[in-house]
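Subject: Structure handover

Hello,

Here is the structure I said I would pass on. My notes on what was found in it follow below.

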Amino acid sequence: MTNKLKYFVGNWKMFGDFSSFKIINKINNFYSQNKTFINSKIIFCVPNTLIYFFKQKLKYNSILLGAQNCHHRQHYGPFTGSVNAKMLKKTGADYIILGHSENRASGESDKLIKMKVESALKSNLTVILCIGETLLEKNKGKTLSLLKKQIRGSINKNKNLSKIILAYEPIWSIGTNKMLDPKEIQKIIKYIKSSFLKIFRTRKEPIVLYGGSVNGKNIELISPISEIDGFLIGGASQSSKKFIDIIKNYYK
Ligand code: PGA
């Protein structure tokens, strides 16, 4: 339906072991055998324990891999249980999700996320920066101002902006099977893009993904919205069938 490159990003969260490669493999086979999807990029952000293993298996294929968070420090240090962006890059990740609402909910501030973004960019990872409002913030009419604050607060002005992808995910929509009205989504994505241009005084529009309960059915409601550059898919990315259905129905 469009020639513009579209992103389909799976966020596995805390899911999967080595045997879960079969999910990725099925999607990869489907992807490499279907020329229709040549204008799409598929990225799977998986647990750190799986990146290297999947990378070896995927060597000559097309799906790209990402991580889901990192420590903000660029160098080794006394941070038990932590992994930094450089280490993730070395395991084979090319992308990293940062600022996911599940991490923000456990105390990550814009300031901390900004340090993580810096560190990830230094390690040559492309950042998928999540922004989004709670239901309470939405009901108080604060969505737009909050999104602007998150963008401003999590990205350093002079940085490599082309390596930052934004992902708008209304928090109340994540894992709930509830989706924001498509007209609203369009309005908000447009707002995110124009705010980004203003804040960073750039002419290059950012890539903006949409996420929150995206599935094979509701994708048809949002596929006509050309402003959406792709999707961040949680639950439905844990099944090859559900993920493939999203892509198929998007291009229907
Ligand atoms: P969901 O998750 O698709 O299960 O709503 C999206 C996300 O958390 O990125």
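N177 sits in the loop that joins β6 to α8 (182-199); helices (H or I, at least four residues) and strands (E, at least two) are DSSP runs, numbered from the N terminus. The phi angle of N177 is near 65°, a positive value in a residue other than glycine.

Before the rest, two remarks on the basis of these notes. This is a predicted model, in which local features need pLDDT of at least 70 and side-chain atom pairs count only at pLDDT 80 or more, while totals for chains, interfaces and linings use all residues. Residues are numbered from 1 along each chain as its sequence is written, and side-chain values use heavy atoms, with hydrogens and water left out.

Overall form

The protein has 10 helices and eight strands. Its C-alpha trace spans about 50 × 45 × 35 Å along the principal axes. Of the 252 residues, 52% are buried. Among contacts with a separation of 6 or more, 72% are between residues 24 or more positions apart, where contact means heavy atoms within 4.5 Å. The protein exposes about 12,300 Å², and carbon and sulfur atoms supply 53% of that area; accessible areas come from the Shrake-Rupley method with a 1.4 Å probe, and for residues only the protein chains shown count as cover.

Other loop residues

K13 also has a positive phi in a residue other than glycine, near 55°. K13 belongs to the loop between β1 and α1 and counts as partly exposed because its relative accessibility is 23%.

N158 is in the loop between α7 (143-154) and β6 (164-168). With 62% relative accessibility, N158 counts as exposed. In sequence N158 and F200 are 42 residues apart, and their C-alpha atoms are 8.1 Å apart in space.

P206 lies in the loop between α8 and β7 (207-211). Its relative accessibility is 6%, so P206 counts as buried. Leaving aside neighbours within four places in sequence, P206 is in contact with L166, K193, F196, L197 and D229. P206 and K163 are 43 residues apart in sequence, with 9.3 Å from C-alpha to C-alpha.

Helix α10

Helix α10 covers residues 240-250, and its buried residues are S240, F243, I244, I246, I247, N249 and Y250. An α-helix has 3.6 residues a turn, so residues three or four places apart point the same way. The cover over the buried residues of α10 includes β1 (6-11), α1 (21-33), β2 (40-45), α9 (219-222) and β8 (230-233).

Pockets and cavity

On a 1 Å grid over the protein atoms alone, a cavity is a set of points where a 1.4 Å probe fits but cannot get out, and a pocket is an open set with protein on both sides within 12 Å along at least five of seven lines; lining residues have an atom within 4 Å of a point. Grid points are joined across faces, edges and corners, and a volume is the space filled by probe spheres set on the points.

The largest pocket holds about 370 Å³. It has 19 lining residues, and N48, Q68, N69, C70 and N103 lie nearest its centre. Helices α4 and α5 (110-122) are the elements that give two or more residues to this lining. By class, the lining has six nonpolar, 10 polar and three charged residues; Ala, Val, Leu, Ile, Met, Phe, Trp, Tyr, Cys and Pro count as nonpolar, Asp, Glu, Lys and Arg as charged, and the others, Gly among them, as polar.

The second largest pocket holds about 300 Å³. Of its 19 lining residues, G175, S213, G234, G235 and A236 are closest to the centre. This lining divides into five nonpolar, 11 polar and three charged residues.

There is one cavity of 30 Å³ or more, and the largest cavity holds about 50 Å³. Its lining consists of G99, H100, S101, R104, C130, I131, G132, Q150, E169 and I171. The elements that give two or more residues to that lining are α4 (101-104) and β5 (126-131).

Regards

Terms used: Buried means under 20% relative accessible area, exposed over 50%, partly exposed in between (1.4 Å probe, protein chains only).
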